[in-house]
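Trainee: I have the model open and would like to go through it with you. Where should we begin?

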Amino acid sequence: MKNFYVNILGCQQNEHDGVRIKYLLEKLGMVETDRKSADLIVIVACSVRQTAVDRVFGVIRNFKDKKILVAGCVLDSDKTKFEKRGVKFWDINKPETLKRLLKIRSKQSIAALMRQGERFSSSVPIMFGCNNFCTYCATAFTRGRERSRKFEEIVKDVEKLVCAGYKEILLLGQTINSYKDNETGQRLDDLFKRLNEIDGDFVISFTSNHPKDMTDKIIRAVSDLPKIKKEIHLPLQSGSDTILKAMNRPYSVKQYLEVIKKIKNANNNIAITTDVIVGFPGESEQDFQRTVKVFQSVGYRTAYINKYSPRPGTAAFKLGDPIPWEEKQRRWRILNDIVRNSTQRSRQ
Ligand code: SF4
């Protein structure tokens, strides 16, 4: 195999993995090319939304003549479906298995090459997995339970990136605000303080947070430390308590807005961004209007507005998909307009 193409779907964690995979394949002597000319396609898959999984099946259908590997977030049920189509799953937590999958004879350590590839990404994963079981999401099944990296290892990774000249370094974790070094007990705000002491001209950004795990100490650190970007991503997902409950999001809208108030009181220059899902099963017009109200009151800098699509293997799958696509599109437009108008106003 000479040419490869890496198709990255989904979150920033996948972007980070994609950069490391590209570096690895180049070190193994392959050349990056476009999808049509590639002998090998590696798909870094996302199983949060069904549309992303459908795209994986689309690639498999359209490029039957190529060797395709799937990595990333994949449910066991999808792995079986991929295998039936002759497509293998590569678990990048067990990097050496790539040798067997691609029949590579190289003596080089795949794990070591993947580590070297970290240098080409300006993001640093600080924890993996998730302990929450939001009913629309499969991450807790595909990436396992929360595991935080060692504090000092993270500091070293960031120092290397600063030395290499990166100006913005993104810390990654599915619920990053629950970060904890289990040996030392250090938390995210301790990490911010330590990273802020590194010499150099750079900023640290971080994503994604869970509203239930946001602490006053983290808010204070973002507000006060000059090298921490003044931006907090706080996924709302819905402005209706009924829908939050159905999503297994353990906070109320009131509690969410209290966190927003603390952020604004700490520092009005902190931009707030969010994720929201429109058209979750059972979301009535009244529920949706509650989300509209939150959007109007918070004034998000940006929002990732997702139209719900049922995902096999998730708890919400059994609820079906009763809200028509056109209605989801309408709700999407309304929220999108609110964010656009509030961004325009803040620029004036
Ligand atoms: S917090 Fe919820 S949405 Fe986020 S990764 Fe965990 S289960 Fe998925």
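**A walk through the model**

Mentor: Let us begin with a glycine: helix 1 is followed by Gly29, whose phi is positive, near 95 degrees. Please keep in mind that this is a predicted model.

Trainee: What span should helix 1 have, and what is the distance between its end C-alpha atoms?

Mentor: Helix 1 covers residues 12-27, which is 16 residues, so at 1.5 Å a residue it should span 22 Å. Its end C-alpha atoms are 23 Å apart, which agrees.

Trainee: Which residues of helix 1 are buried?

Mentor: The buried residues are Gln13, His16, Asp17, Gly18, Val19, Arg20, Ile21, Lys22, Leu24 and Leu25.

Trainee: Let me step back to the whole chain. How many helices and strands are there?

Mentor: The chain has 13 helices and 13 strands. Its C-alpha atoms fill a box of roughly 60 × 55 × 40 Å along the principal axes.

Trainee: What does the radius of gyration say about the chain?

Mentor: A compact globule of 348 residues would have a radius of gyration near 20 Å, and the chain has 21 Å, so the two agree. Buried residues make up 40% of the 348 residues.

Trainee: And what share of the contacts with a separation of 6 or more joins residues 24 or more positions apart?

Mentor: Such pairs account for 78% of those contacts.

Trainee: Changing topic, which residues surround the ligand?

Mentor: The ligand is surrounded by Cys130, Asn132, Phe133, Cys134, Cys137, Thr139, Ala140, Gln174, Thr175 and His210.

Trainee: How many of the residues in that shell are nonpolar, polar or charged?

Mentor: The shell has 5 nonpolar and 5 polar residues, and no charged ones.

Trainee: Now helix 12. Which of its residues are buried?

Mentor: In helix 12 the buried residues are Phe288, Thr291, Val294, Phe295 and Val298. Seen down the helix axis, these buried residues fall within an arc of 110 degrees, so they line one face of helix 12.

Trainee: Which residues are exposed on the other side of helix 12?

Mentor: Glu285, Gln286 and Ser297 are exposed there.

Trainee: How does the length of helix 12 work out?

Mentor: Helix 12 runs over residues 285-298, and its 14 residues should span 20 Å at 1.5 Å a residue. The end C-alpha atoms are 20 Å apart, which agrees.

Trainee: What follows helix 12?

Mentor: Gly299 follows helix 12, and its phi is positive, near 70 degrees. Gly299 is 10 residues from Ser309 in sequence, and their C-alpha atoms are 26 Å apart in space.

Trainee: Where does Ser309 sit?

Mentor: Ser309 is in the loop between strand 13 (302-307) and helix 13 (325-347). It counts as partly exposed because it has 18 C-beta neighbours inside 10 Å, and a residue needs 20 or more to be buried.

Trainee: Is Glu83 buried or exposed?

Mentor: Glu83, which lies in helix 3 (residues 76-84), is exposed, because 12 other C-beta atoms lie within 10 Å. Glu83 and Phe206 are 123 residues apart in sequence and 35 Å apart in space, C-alpha to C-alpha.

Trainee: And where is Glu159?

Mentor: Glu159 lies in helix 7 (residues 151-163). With 14 C-beta neighbours inside 10 Å, Glu159 counts as partly exposed.

Methods. Residues are numbered from 1 along each chain as its sequence is written. This is a predicted model: local features need pLDDT of at least 70, side-chain atom pairs count only at pLDDT 80 or more; totals for chains, interfaces and linings use all residues. Helices (H or I, at least four residues) and strands (E, at least two) are DSSP runs, numbered from the N terminus. The expected span of a helix is 1.5 Å times one less than its number of residues. The arc is that of the directions from the helix axis to the C-beta atoms. A residue is near a molecule or strand if its C-beta atom, placed from the backbone, lies within 6 Å of it. Ala, Val, Leu, Ile, Met, Phe, Trp, Tyr, Cys and Pro count as nonpolar, Asp, Glu, Lys and Arg as charged, and the others, Gly among them, as polar. The radius of gyration is taken over C-alpha atoms; the globule rule is 2.2 Å times the number of residues to the power 0.38. Two residues are in contact if their C-beta atoms, placed from the backbone, lie within 7 Å.
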